[in-house]
Amino acid sequence: MEKLIAPSILAADFANLQRDIEMINESDADWFHIDIMDGVFVPNISFGMPVLEAINRHAGKVIDVHLMIVDPDRYIKTFSDLGADILTVHFEACTHLHRTLQAIKAEGMRAGVAINPHTNVSLLEDVINDIDLVCIMSVNPGFGGQSFIENTYKKTQQLKEIIVDNQAKTQIEIDGGVNSDNAKKLIDAGADVLVAGSFVFKSKDPKEIVKKLKEIANS
Ligand code: DX5
Ligand code: ZN
């Protein structure tokens with residue numbers, strides 16, 4: 001299966017958002033990764049509905065929304081209306097995760113679950129066949145530009161085993177501190193999708209960086 005690259009818009013230049021979105025449209029990137037933070041679940045506020053609406057007007061690729069908010073059930077329909085193709089909620093923010101996953105799918109989106117660095121992948125085993133995407137956080141969620149947590153490789157391998165054992169079709173996404181040094185090792189551990197924010201947007205040639213990550217991931 002082709003391995004995918006999802007640039008995180010959090011690291012884009014918000015004063016030149018259309019320019020940066022078009023740049024990603026023209027690049028080898030597969031998805032747009034959109035980080036929504038509420039200042040409660042995580043200690044930061046990113047952006048909300050009007051910005052996603054504007055992004056969706058220009059984005060020509062899959063929209064992968066990562067909700068870092070408490071009680072995400074309140075906004076499932078809203079994000080579907082705003083154009084999300086994949087809606088990822090945090091394991092730690094859901095009391096009734098199975099119900100939340102069904103509600104996301106009922107709105108026609110693919111259902112994702114993100115797990116914080118301290119959350120063991122085994123906690124997902126009983127719902128693994130209901131999850132389209134697991135987002136393993138390789139930093140503590142809330143900010144771009146943090147350094148990669150090495151334990152992520154082990155978690156990725158353990159999750160891959162659970163997916164294979166259960167004959168699930170779940171994809172594994174890695175989010176936080178991804179760069180050209182850890183990309184290959186993550187893919188070898190079982191990752192399918194690599195999110196990259198700072199490494200793409202803070203570089204001199206973001207399109208070239210996306211191309212490089214795509215090549216590494218599929219080599
Ligand atoms: C962190 C976000 C990430 C972040 C990744 O809370 O979920 O998607 O934007 O950014 P980098 O690649 O800079 O770690
Ligand atoms: Zn994210």
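Where is Gly142 found? Gly142 sits in the loop between β6 (133–137) and α5 (152–165). Helices (H or I, at least four residues) and strands (E, at least two) are DSSP runs, numbered from the N terminus. This is a predicted model: local features need pLDDT of at least 70, side-chain atom pairs count only at pLDDT 80 or more, and totals for chains, interfaces and linings use all residues. Residues are numbered from 1 along each chain as its sequence is written, while chains are lettered from A and ligands numbered from 1 in the order in which they are written.

**The sheet**

- Eight strands form an open sheet with parallel pairing, in the order β1-β8-β7-β6-β5-β4-β3-β2.
- Its edge strands are β1 (4–7) and β2 (31–37), and each pairs on one side only.
- Two strands pair if DSSP finds at least two bridges between them.
- β7 and β8 (residues 193–196) pair in the parallel sense over three bridges.
- Ile174 stands opposite Leu194 in β8.

**Annotated sites**

- UniProt, in an unreviewed entry, places a "binding site" feature at His33, Asp35, His66 and Asp175.
- These residues span 143 residues in sequence, yet no two of their C-alpha atoms are more than 10.5 Å apart, so they gather at one spot.
- The UniProt annotation "binding site" (unreviewed entry) also covers a list of residues including Ser8, His66, Gly142, Asp175 and Ser198.
- UniProt positions are given in the numbering used here, feature names are shortened, and annotations may be inferred rather than shown by experiment.

- A residue is buried if 20 or more other C-beta atoms lie within 10 Å of its own, exposed if 12 or fewer, and partly exposed in between; C-beta atoms are placed from the backbone.
- Two residues are in contact if their C-beta atoms, placed from the backbone, lie within 7 Å.
- His66 lies in strand β3 (residues 62–68). His66 counts as buried because it has 29 C-beta neighbours inside 10 Å.
- Not counting residues up to four places away in sequence, His66 touches residues including His33, Asp35, Cys135 and Asp175.
- Asp175 belongs to strand β7 (residues 171–175). With 25 C-beta neighbours inside 10 Å, Asp175 is also buried.
- Neighbours within four places in sequence aside, Asp175 is in contact with His66, Cys135, Met137, Ser138 and Val195.
- Gly142 has 18 other C-beta atoms within 10 Å, so Gly142 is partly exposed.
- With neighbours within four places in sequence left aside, the contacts of Gly142 are Met37, Val42, Pro43, Asn44 and Met68.
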